[in-house]
Amino acid sequence: MLKFKKTQKMRGITLMETLLSLAIGGLVIVSSVQGVVTYNENVKIQASSALLKKMQKAADLYAEDNFDQLVANAPQQLSVTVLDPYLGSTILRDPFRADYRLGTRTYTYQTPDPVTGGVTTQDALQVLVIAQGANSHLADSPSVRIDVANTAGTDAGYISPFDDLCNDASGTSMPAGTLCGAFGSYAFNTSQFPGLNGNSRYAALVTKGDSSVY
């Protein structure tokens with residue numbers, strides 16, 4: 001009995017299949033690159049917010065120890081190196097390479113006077129830790145600076161590069177350049193703090209002496 005061997009015909013790869021494979025490979029590479037970029041950005045946001053909270057706590061201790069002197073000299077701009085004793089090291093930049101600085105201001109508020117039955121005027125101090133400058137991505141992307149502030153908490157805020165990104169306590173839309181507190185906690189014009197300007201990105205606020213805040 002004769003057995004016939006079945007032969008198979010080899011089919012070549014068509015141009016269409018080649019192009020399809022290249023297109024799929026390109027999409028995978030692009031997706032991978034975008035994923036790495038997004039991951040790196042999220043890491044920087046988390047690191048920046050953690051560092052901002054650390055700087056804010058150091059500024060709070062610094063303001064506590066130097067309250068009278070800071071009130072007497074306010075408003076003023078200070079080097080971030082004044083926080084070195086509270087941080088244990090010098091921290092000049094955030095993960096986005098933004099430079100840190102401090103700005104101070106004072107305001108007065110009134111409290112009931114139990115002796116006279118009237119009111120007493122008190123001084124309050126505010127210290128602002130400001131992140132300024134940095135690479136173009138932090139400068140051009142409002143969402144990044146907003147994410148840093150929101151992750152850091154209600155003491156933090158971002159400087160809005162556009163109009164209507166936040167509102168004041170009365171609900172009025174604020175213009176570009178406003179320091180907008182995370183989750184709507186406060187709103188300040190850049191002129192209210194030395195060192196705060198259009199080149200600022202985000203910040204953290206410390207308030208000392210105002211019992212109504214606490």
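User: Which residues have the most contacts inside the largest nonpolar core?
Analyst: In this predicted model, the largest nonpolar core has 37 residues, and those with the most contacts inside it are Leu 52, Met 55, Leu 83, Tyr 100 and Val 129. A nonpolar core is a set of buried Ala, Val, Leu, Ile, Met, Phe, Trp, Tyr and Cys residues joined through side-chain atoms within 4.5 Å, where buried means under 20% relative accessible area with a 1.4 Å probe, protein chains only.
User: Which element gives the most to this core?
Analyst: That is α1, with 8 residues; helices (H or I, at least four residues) and strands (E, at least two) are DSSP runs, numbered from the N terminus.
User: And what is Met 55 in contact with?
Analyst: Leaving aside neighbours within four places in sequence, Met 55 has contact (heavy atoms within 4.5 Å) with Val 80, Leu 83, Leu 87, Ile 91, Tyr 100 and Val 129.
User: OK, cysteines now: which ones form a disulfide?
Analyst: Cys 166 and Cys 180 do, with their sulfur atoms 2.0 Å apart, the cut-off being a pair of cysteine sulfur atoms within 2.5 Å. Cys 166 sits in the loop between β4 (156-159) and β5 (179-181), and Cys 180 in strand β5, 14 residues apart.
User: Why is it called left-handed?
Analyst: Because the torsion about the S-S bond of Cys 166 and Cys 180 is about -60 degrees.

Key. Residues numbered from 1 in each chain as written. Predicted model: local features only at pLDDT ≥ 70, side-chain atom pairs only at ≥ 80, totals over all residues. Heavy atoms only, no water. Buried < 20%, exposed > 50% of the residue type's maximum accessible area, 1.4 Å probe, protein only.
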